[in-house]
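Hi everyone, thanks for coming. I'd like to walk you through two parts of a structure today, so please have a look at it first.

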Amino acid sequence: FLTELHWLDLSDNQIEGNIPVSNGSNPGLDLLVNTERFHFGKNQLSGEIPARLFHSNMTLTHLLVENNKFTGVIPDTLGFVQTMKMLDMSRNEFNTSDFPSWIPSLQSLTTLVMEKTGLQGSVPASLFSLHQLQTVILRNNKLNGSLEIESAHSNQLQLIDVQNNLIESFTQKPGYPFEIMLKGNPFCNKSGEGTETYCIETQQTGTDSTSLQNCLTIECRSNQVSSRACKCAFPYVGDLIFRAPSFLNLGNIATYETLEKSLMLFFQERQLPVESVSLHNPTIDSDDDYLVIHLQVFPSSQESFNATGVAGIGFVLSRQIFTPPSSFGLYVFSSDGYKYLAETSSGSKKSSSTGIIIGATVGGSVLAILALIIGIYAFRQKKRAEDAAKRIDPFASWDSNKHSGAVPQLTGARFFSFEELKKWTNNFSETNDIGCGGYGKVYRGTLPNGELVAIKRALQGSAQGAREFKSEIELLSRIHHKNVVGLAGFCFDRAEQMLVYEYIPNGTLKDGLSGKTGIRLDWMRRLNIAIGAARGLQYLHDLVSPPIIHRDIKSNNILLDANLNAKVADFGLSRFLGEKGHITTQVKGTMGYMDPEYYMTNQLTEKSDVFSFGVVLLEIVTGKVPIDKGRYIVKEVKDAMDMTKDLYNLHETLDPVVRSGATPRSLEEFVVLALKCVEEGGVNRPKMSEVVKQIENIMEIERLNPYADYASTSATYEGENKGLNHPYTESLFVYSEA
Ligand SMILES: *[C@@H]1O[C@H](CO)[C@@H](O)[C@H](O)[C@H]1NC(C)=O
Ligand SMILES: *[C@@H]1O[C@H](CO)[C@@H](O)[C@H](O)[C@H]1NC(C)=O
């Protein structure tokens, strides 16, 4: 009945009995001629594998029958299946037999796994010239004689594992571009040049001998990834960025193995709930020569980390408490965030797996791991993006609204109903009212999972047309940067327009500088805020397409998160930058921050934001508001400045909080940068990318690491900041002084 069935996956069950083939009027699996995959591994199947199952008219590419109780002989009819790519018959109870002569005729074969299948005799040299062949695992058999690898071997080969056999000789050619594992063969008892290369233990720690084999067939649900121990889980992921590694040969696998091992050891010592780690995809960043390695950390015991686990791991990585092997040097960690906290991991929204074969992630060949993972990772990223796109159910109510145009195209933001938001804000109660602006009121909302959000509710009269609202949320949903406040969703329901943002707990920079929030912003923290805000703005200018001009940069629109990282907020006035590099609209903005050139000409460019940002930099360093009682901050600093004098004669002008504990040179350069940003003519102002570079340089004067990511997770780290004395972090994270 299922002649169009493409995959039959019964693996990892408790199925007993024989494989049924047609017999009289009883249909059998031999009728499944269009099936590409038979996955029968890890069951209790027994009897012979029926020879009639295989014939030349079938399209089978994967036959996985490992870890069963099959007996008898391996059927020769398999040799007819010329489409076969992956064959795994490991750990059954087959009769002892010679290495099947038909295997070298399977022209499509990429992976052959016959571990402990009772094979004897010699391995035919012609096997290795199958031109698609990548992986051969034949360990724990009785293969003997000489292992011959023809010089015309497959150029895809990555691994030949013939450990624990009776192989006596092997012609060594140390230049083989793939890995050969010969440990446990008589060959290894003979000492000779190069013997050690093939006979040393290359097993990874924390894995057992079966895991390589298991991982070849493991399939995970969408968004899950197979771990080193072959379990599907949601890893915590991010990039390790090494600023000055002392090696440049990315191909040396051993280097990464040491890093992996030391990471794992570190997590174990700290008793973090980590099952395993894996590193992929090392690249050298072309801009700045940094080595970037993608890291996955897998949870032990469960499929997901809980908040405590994520916070613990994020903490030790982002604050550089882990010390990598010395050849790697200094690093920073940039997390991708974690969306799979334990309590939500079994939600029903996940689509069922379409099945993905995960390649070997353990065993001797990290080379194979890297090669495979790169492909898988790319695939998963794509899949993840597709899944996310599916989840954003383009709300039914949109179509019913006749004048609203097409359904918005969103990336990442969610639609919320009015009822949901009403519930989460306790019916828009006064206690949840956290502010207001021209747009309307802002409420704090608590999602069912405890996460806080900020909800901007448009005043009934000030709501925009549906088209405007749509273009606004399309714009906002495309913005994803850790220094820009992210849109979590929106509501367009019952004539209400609401925008739902991530909640930023520590208020605005303006309130921070005025002392209103009670958090002491010393010079180190202010530099961290300046670099964050600069990067957020640079992102909007340079990395969003089409670029976005903020148009209302001010200390009130820079928010501070739990770790006092800056986040640029409020694009209420933002508009796309047109093709000519400028747009002309009614002049908007805030007094004191407004670009005089824009005011005169109505021509808005990115340099207008640079001007406003320069004013913010002056606020940061002086602690004064831009305009107060006829005093204008730009003029005041310019007038006081005398570059021939100590601290450029700014002792009276700069904030005393900043002056204590700052290197004079960093203050001087900071003021010079700020004044460049507020030059009269836009062409004389630096671009935001240059501003970012300058602030980074200033941070280095203060021996701060401008790349340290202090907010890798949204979780809180209660109590974790005690007893910390890393040179880059101590000045920033002693909260108790405040
Ligand atoms: C390899 O094993 C086979 C079967 O046990 C045996 O007949 C043959 O003589 C062995 N060859 C060598 C070179 O030991
Ligand atoms: C989080 O996970 C760890 C280890 O997996 C466990 O010990 C701890 O109790 C969990 N915490 C909560 C709050 O569930």
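**A helix and a sheet**

Let's begin with helix H16, residues 688–701: its 14 residues reach 20 Å from the first C-alpha to the last, close to the 20 Å expected at 1.5 Å a residue. Please keep in mind that this is a predicted model.

Which residues of H16 are buried? They are Met 688, Val 691, Val 692, Ile 695, Glu 696, Ile 698, Met 699 and Ile 701. Here is a general point to hold next to that list: an α-helix has 3.6 residues a turn, so residues three or four places apart point the same way. And what do the buried residues of H16 pack against? Their partners are three helices, H10 (523–543), H12 (606–622) and H15 (664–677). After H16 comes Arg 703, which has a positive phi, near 60 degrees.

Now for the sheet. It is open, with 4 strands in the order S19-S20-S18-S21, and the pairing is antiparallel. At its edges are S19 (274–284) and S21 (331–335), each of which pairs on one side only. On average, neighbouring strands are turned by 25 degrees against each other, ignoring direction.

Let's zoom in on one pair. S19 and S20 (residues 291–299) run antiparallel and are joined by 8 bridges. In one example, Thr 283 has Val 292 in S20 as its bridge partner.

Two helices meet this sheet. Helix H3 (residues 253–269) packs on it, touching S18 (236–242), S19 and S20, and its direction makes about 145 degrees with that of S19. Helix H4 (residues 307–318) lies across S18, S19, S20 and S21, running at about 150 degrees to S21.

How values were computed. Residues numbered from 1 in each chain as written. Chains lettered and ligands numbered in written order. Predicted model: local features only at pLDDT ≥ 70, side-chain atom pairs only at ≥ 80, totals over all residues. Heavy atoms only, no water. Pairing = 2+ DSSP bridges. Axes fitted to C-alpha atoms, helices over the stretch in contact; angles between N-to-C directions. Contact = heavy atoms within 4.5 Å. Expected span 1.5 Å × (residues − 1). Buried < 20%, exposed > 50% of the residue type's maximum accessible area, 1.4 Å probe, protein only.
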